[in-house]
Amino acid sequence: MPFYSYDVPHTCGPNPAVCCQFDFHRLPGGRVFCPWRIPPQPITELNVQERALLLLDQYRQKSRLFRSPVLMVPLGDDFRFVEASEWDAQFTNYQKLFDYFDQHPELHVKARFGTLSDYFSALSRRVATAGSTLPTVRGDFFTYADRDDHYWSGYFTSRPFYKRLDRTLEATLRATEILFSLTLAEMRRFYGGGRLAADFPAREHFGRLTTGRRSLALFQHHDAVTGTARDHVVVDYGNRLFESILNLHAVLQSSAHWLLLLDKSQYHHDQSKPFMQMVTFDLLFTFDLLYLMYILRSVMVFNPTEQLQTSVVSVLVDSPDVRVIAAETGRPMAAQISAVWAEPSRTAKDSFQLDFVAELPPLALVVYHVTRSSVGSAPRARYTFRRRGNPPSVQAEHFQVSPPDAAEADAPLSLSNKHSGLVRRLQVQFLWYGTRTGANRDKSGAYLFLPGEEGAQVSPEPKPEPVWTQALSFLNVHLGFSFSLESGSER
């Protein structure tokens with residue numbers, strides 16, 4: 001759209017005061033009016049000529065912006081065409097204008113109602129007849145970025161918890177659909193004749209999948225995943241997403257139960273006593289702790305992709321002395337124990353993070369046994385605390401972290417690959433921006449953040465911060481700060 005917006009006042013041509021007169025939902029006596037204080041007029045035999053020529057003038061001015069005389073003029077807006085009266089008003093009055101155009105060929109215009117497909121079909125025919133081609137435009141089409149400095153949107157950053165919840169539901173839904181489908185196929189093969197286990201809740205599970213799909217689809221609305229909805233609406237979205245994830249967990253549990261059961265004839269579904277517990281190592285949920293107490297605990301890992309996956313699986317356990325064994329082969333798996341941080345500089349005493357390498361064939365459900373082992377048998381993560389005046393060098397098998405060159409707390413670290421020699425600089429900085437003020441200036445709103453002055457530096461107050469290495473061939477660098485604002489910064 002070449003003009004300010006996609007609503008009716010900004011789509012027929014460059015003059016919104018004129019175009020608004022042809023939004024017949026705004027006829028006098030209704031709830032909506034034209035802010036330019038020139039209301040639409042019902043089209044009659046007495047005014048049809050004047051009205052048609054006024055509208056045609058806007059069409060012609062708009063056509064000068066296009067390579068083809070085929071124009072699309074959207075007729076609508078948010079929350080429109082919800083009442084029969086609007087349909088009647090728009091159709092009846094526009095049809096009179098279109099009939100006038102048809103009755104006066106000297107105007108050289110043909111107008112009609114159509115769909116997007118109708119527009120692009122007409123455009124393609126016109127271009128083909130003219131023997132021309134249309135250029136291809138490539139670039140950033142991010143919304144509002146074509147007007148002044150209106151490009152700082154929160155679409156990708158606002159309400160990050162709900163965006164994360166959306167991605168979690170999407171991943172959970174895909175895995176559940178695959179595992180549920182595999183379960184149904186295996187059941188039908190086992191029982192024959194397309195039959196399922198008598199008490200397998202296939203209908204209820206399919207309902208849960210349907211609800212999950214609808215919740216996920218609903219959240220793709222342009223005021224949902226973008227974070228621009230009102231607070232109470234956002235809470236409702238979040239409740240729907242979260243409840244769908246929990247319902248899908250129930251489908252995963254009973255599907256995995258049947259697939260892993262060696263004697264299928266012994267299958268019995270009891271939702272009050274699930275065959276397994278969903279252990280989620282995710283910031284969205286409370287961490288579940290595996291209590292070992294010298295008994296064997298099984299961890300089931302599902303790979304919902306069509307490729308072989310080698311992944312690090314993380315669970316919380318109540319002991320630092322554990323081992324992990326692949327149930328099918330009896331082979332010990334590479335594992336290590338890391339601290340669980342109760343506070344930035346204090347570790348938990350009764351829980352530990354167990355990381356082990358899982359080798360997962362495509363679409364496989366793999367079982368690992370976790371049990372206690374002898375004291376000190378599980379490799380521990382090594383920690384180095386960076387303090388003021390004590391910049392460390394951290395060595396791992398493949399990487400090295402070098403201390404900053406400067407003494408500032410937010411000075412960059414250097415991360416180097418020992419094999420390739422590639423060096424990366426790591427730095428975290430924060431700026432504090434306020435919104436712009438002043439008369440006759442655009443203000444920030446639901447869709448855009450319009451900053452005022454240049455951002456003020458947020459100064460970190462250095463605290464002991466763990467920089468830790470792990471034995472599973474990966475390296476984590478934790479940069480933990482507390483913040484205070486520079487004096488005079490805009491809040």
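Reader: Which residue in β7 is the bridge partner of V299?

Author: This is a predicted model, in which local features need pLDDT of at least 70 and side-chain atom pairs count only at pLDDT 80 or more, while totals for chains, interfaces and linings use all residues. Residues are numbered from 1 along each chain as its sequence is written, and side-chain values use heavy atoms, with hydrogens and water left out. Strands here are DSSP runs of E with at least two residues, and helices are runs of H or I with at least four, numbered from the N terminus. In β7, the residue bridged to V299 is Y368.

Reader: Over how many bridges do β2 and β7 pair?

Author: Two strands count as paired if DSSP finds at least two bridges between them. Strand β7 covers residues 365–372, and its antiparallel pairing with β2 runs over six bridges.

Reader: Which strands are the edge strands of the open sheet?

Author: The open sheet has three strands in the order β2-β7-β4, with antiparallel pairing. An edge strand pairs on one side only, and this holds for β2 (297–302) and β4 (322–326).

Reader: Are α5 and α6 roughly parallel or roughly antiparallel to each other?

Author: Helix α5 (residues 160–191) and helix α6 (residues 202–218) pack at an angle of about 150°, with their axes 10 Å apart. Axes are lines fitted to C-alpha atoms, for helices over the stretch in contact, and angles run from 0 to 180 degrees between N-to-C directions. Angles under 35 degrees count as roughly parallel, over 145 as roughly antiparallel, 65 to 115 as roughly perpendicular and the rest as oblique. The two helices α5 and α6 are therefore roughly antiparallel.
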